[in-house]
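The briefing below is arranged by topic.

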Amino acid sequence: MKAWVYDEYGGVDVLKFASDVIVPSVADDHVLAKVVAAAPVDFKRRLGVLNVWTVPGYDVAGVVVKVGKQVKGLKVGDEVYGDISEKALDCPKQSAYEGLQRADFSEGKSLLVLNCVAGVGSLVIQLSKQVFGARKVAAISSTPKLELLKCLGADVAIDYTKENFEEQPNKYDVVYEAIDLTVESEMIIILLVRGKRRKSNGGPVKDVEV
């Protein structure tokens, strides 16, 4: 199997292309998937930011190529996605899809996404439009990334370097917080949501009448 590997922390120069990586064995309760896409968080591991040393791999999407004897519900050829980090089962994290579910987002609703070009934010834009059927998606980022937001499916791309999102005249059914915000910022978000606020950044969902 061919793969990019590294055995020390650093920039992209520590990456080495190997053509003789051993294909992982499959336990009876495991599946083996061919990875088609992966989350960008791995670069933080390479830099040592996460302060762990593990086999690369976090959020992935791909196709099942082998299943263990005890596996039920999955078969070769199934398209899958998930968290494959070593702590996934001990402490499962809320992702873009779960966040939209927890916010009761549905077809015909409008959405404002903060921190849109990071892993979660970029997926929220795509899922809200292509899966949940959003009526309108507004996304916030800096000038160089506005075109990317539109390519991802945002109807409105807001440049925070030129516009203050806190003064947005429009209201949204859901504001998706893909970043940790201060209490002051969260109060501003309440004003941007039509009728009530549903917090969907991985914490408990809360309704706040406004």
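Leucine 32 has lysine 66 of strand 4 as its bridge partner, and strand 4 (residues 59–67) is joined to strand 3 by 7 bridges in an antiparallel arrangement; helices (H or I, at least four residues) and strands (E, at least two) are DSSP runs numbered from the N terminus, and two strands pair if DSSP finds at least two bridges between them. This is a predicted model, in which local features need pLDDT of at least 70 and side-chain atom pairs count only at pLDDT 80 or more, while totals for chains, interfaces and linings use all residues. Residues are numbered from 1 along each chain as its sequence is written, and side-chain values use heavy atoms, with hydrogens and water left out.

**Overall make-up**

- The protein has 5 helices and 11 strands, and buried residues make up 33% of its 210 residues, where buried means under 20% relative accessible area, exposed over 50%, and partly exposed in between (1.4 Å probe, protein chains only).
- Among the contacts between residues at least 6 apart in sequence, 51% join residues at least 24 apart, a contact being heavy atoms within 4.5 Å.

- Glutamate 79 is found in strand 5 and counts as exposed because its relative accessible area is 72%.
- Leaving aside residues up to four places away in sequence, glutamate 79 touches Gly62 and Val63, while its C-alpha atom is separated by 10.0 Å from that of valine 35, which is 44 residues apart from it along the chain.

- Strand 7 (residues 136–141) pairs with strand 8 in the parallel sense over 4 bridges, and alanine 139 has alanine 157 in strand 8 as its bridge partner.

- With 12 residues, helix 3 reaches 17 Å from its first C-alpha to its last, close to the 16 Å expected at 1.5 Å a residue, the expected span being 1.5 Å times one less than the number of residues.
- Gly121, Ser122, Val124, Ile125, Leu127 and Ser128 are buried in helix 3, and what covers the buried residues of this helix includes helix 2 (96–102), strand 6, strand 7, helix 4 and strand 9.

**Salt bridges**

- The count comes to 4 salt bridges, a salt bridge being a side-chain nitrogen of Lys or Arg within 4 Å of a carboxyl oxygen of Asp or Glu.
- One of them joins lysine 16 to aspartate 7, with the closest N and O atoms 3.6 Å apart; lysine 16 counts as partly exposed because its relative accessibility is 40%, whereas aspartate 7, at 54%, counts as exposed.
- Another links lysine 75 with aspartate 78, the closest N and O atoms being 3.0 Å apart; lysine 75 is exposed at 53% relative accessibility, whereas aspartate 78, at 16%, counts as buried.
- Lysine 150 and glutamate 147 also meet in a salt bridge (3.9 Å, N to O), and both lie in helix 4 (residues 146–152), 3 residues apart, about one turn of the helix.
- Within that pair, lysine 150 is partly exposed at 47% relative accessibility, and glutamate 147 is exposed at 53%.

**Aromatic pairs**

- A search of the whole structure finds 3 aromatic pairs, where rings of Phe, Tyr and Trp (its six-membered ring) pair if their centres lie within 6.5 Å, and planes under 30 degrees apart count as stacked, over 60 as edge-to-face and the rest as tilted.
- Tyr97, Phe105 and Phe132 are linked into a cluster by ring pairs.
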